[in-house]
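Student: I have a model open here and would like to go through it with you, piece by piece. Could we begin with the open spaces and then work through the fold?

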Amino acid sequence: DVSHTLKDGDKIAFASTTLDVRQVSVGVCPSGLTSRQKAELSGQCERAGISFYQQWDTGVTHLAMSSLYLTPKLLMALAQGCHIVSSQWIADCAARKEARDPLPEETAHGCQTPASAIGSQPLTQEVALVRSERRTLFEGKLL
């Protein structure tokens, strides 16, 4: 049994299938958090090696919210297929022993659902699920 640390660009062969290893950067943007929560989140991101974006950017892969509220950043995250997580997900990333340890599962770190978010229809956890078809909703349109 031989152990090998994979690097970006490596190839893994399984029978007749070859997979390319690709390093993916993680970027977090906060929405609906207080200044204190944002500062704490920024520090956790730094410890975890995660890029922190105060404003929306193409490098954002995760939107951090404490509760699911309709915000412009939430709409961008949904349209771009980003994960919507609580700040606990970032804290769990920062608590990993080594950078090569797997990231925590996003679906286990969902945001709270407020009692009433929009009129009579509050947002549910289903809204936060990543759906690849959302990435084409605004294809070819200026946002």
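Student: What volume does the largest pocket have?

Tutor: This is a predicted model, which should be kept in mind throughout, and in it the largest pocket has a volume of about 330 Å³.

Student: And which residues line the largest pocket?

Tutor: The lining is made up of Leu-6, Lys-7, Asp-8, Val-21, Arg-22, Gln-23, Val-24, Ser-25, Val-26, Thr-61, His-62 and Leu-103. Sorted by class, that lining has five nonpolar, four polar and three charged residues.

Student: What about the second largest pocket, how much space lies in there?

Tutor: About 190 Å³ of space lies in the second largest pocket, and its lining consists of Val-26, Ala-48, Gly-49, Ile-50, Arg-96, Ala-99, Arg-100, Asp-101, Pro-102 and Leu-103. By class, these residues divide into six nonpolar, one polar and three charged.

Student: OK, on to the fold. How many helices and strands does the chain have?

Tutor: The secondary structure comes to three helices and six strands, and reading along the sequence gives the pattern β-β-β-α-β-β-α-β-α. Of the 143 residues in the protein chain, 33% are buried.

Student: How do S1 and S2 run, parallel or antiparallel?

Tutor: Strand S1 (residues 11-14) and strand S2 (residues 17-20) run antiparallel and are joined by four bridges, with Phe-14 standing opposite Thr-17 in S2. The two strands form a hairpin with two residues between them, and Ala-15 in that turn has a positive phi of about 50°.

Student: Then which order do the strands of the open sheet have?

Tutor: The open sheet has four strands in the order S4-S3-S5-S6, with parallel pairing. Strand S4 (51-52) and S6 stand at the edges with a single partner strand each, so one side of each is left without a neighbour in the sheet. Between S3 and S4 there are two bridges in the parallel sense, and the bridge partner of Val-28 in S4 is Phe-52. Helix H3 packs on this sheet, touching S3, S5 and S6, and its direction makes about 90° with that of S6.

Student: Staying with H3, which of its residues are buried?

Tutor: In helix H3 (residues 87-94) the buried residues are Trp-89, Ile-90, Ala-91 and Cys-93. They pack against strand S3 (27-30), helix H1 (35-48), strand S5 (62-64) and strand S6 (83-85).

Student: I keep clicking on Pro-30. Where does it lie, and is it buried or exposed?

Tutor: Pro-30 lies in strand S3, and it counts as buried because its relative accessibility is 0%. Leaving aside neighbours within four places in sequence, Pro-30 is in contact with Lys-38, Leu-41, Phe-52, Tyr-53, Gln-54, Leu-63, Ala-64 and Lys-73. The C-alpha atoms of Pro-30 and Met-65 are separated by 6.2 Å, although these two residues are 35 apart along the chain.

Student: Switching to H2, which residues are buried there, and what do they pack against?

Tutor: The buried residues in H2 are Lys-73, Leu-74, Ala-77, Leu-78 and Ala-79, and the buried residues of H2 pack against S3, S5 and S6. After H2 comes Gly-81, whose phi is positive, near 70°.

Student: Why does Ala-77 count as buried?

Tutor: Ala-77 counts as buried because its relative accessibility is 0%, where the cut-off for buried is under 20%. Its place is in helix H2 (residues 72-80). Not counting residues up to four places away in sequence, Ala-77 touches Trp-56, Leu-63, Cys-82 and Ile-84. Ala-77 and Val-60 are 17 residues apart in sequence, and their C-alpha atoms are 8.3 Å apart in space.

Student: Last one: where is His-109, and what does it touch?

Tutor: His-109 lies in the segment after H3, and it is buried, with a relative accessible area of 11%. With residues up to four places away in sequence not counted, His-109 touches Ile-84, Val-85, Ser-86, Gln-88, Trp-89, Asp-92 and Pro-104. Trp-89 is itself among the buried residues of H3.

Student: And for the whole chain, what share of the contacts join residues at least 24 apart?

Tutor: Among contacts between residues at least 6 apart in sequence, 51% join residues at least 24 apart.

Methods
Residues are numbered from 1 along each chain as its sequence is written. This is a predicted model: local features need pLDDT of at least 70, side-chain atom pairs count only at pLDDT 80 or more; totals for chains, interfaces and linings use all residues. Side-chain values use heavy atoms; hydrogens and water are left out. Buried means under 20% relative accessible area, exposed over 50%, partly exposed in between (1.4 Å probe, protein chains only). Contact means heavy atoms within 4.5 Å. On a 1 Å grid over the protein atoms alone, a cavity is a set of points where a 1.4 Å probe fits but cannot get out, and a pocket is an open set with protein on both sides within 12 Å along at least five of seven lines; lining residues have an atom within 4 Å of a point. Grid points are joined across faces, edges and corners, and a volume is the space filled by probe spheres set on the points. Ala, Val, Leu, Ile, Met, Phe, Trp, Tyr, Cys and Pro count as nonpolar, Asp, Glu, Lys and Arg as charged, and the others, Gly among them, as polar. Two strands pair if DSSP finds at least two bridges between them. Axes are lines fitted to C-alpha atoms, for helices over the stretch in contact, and angles run from 0 to 180 degrees between N-to-C directions.
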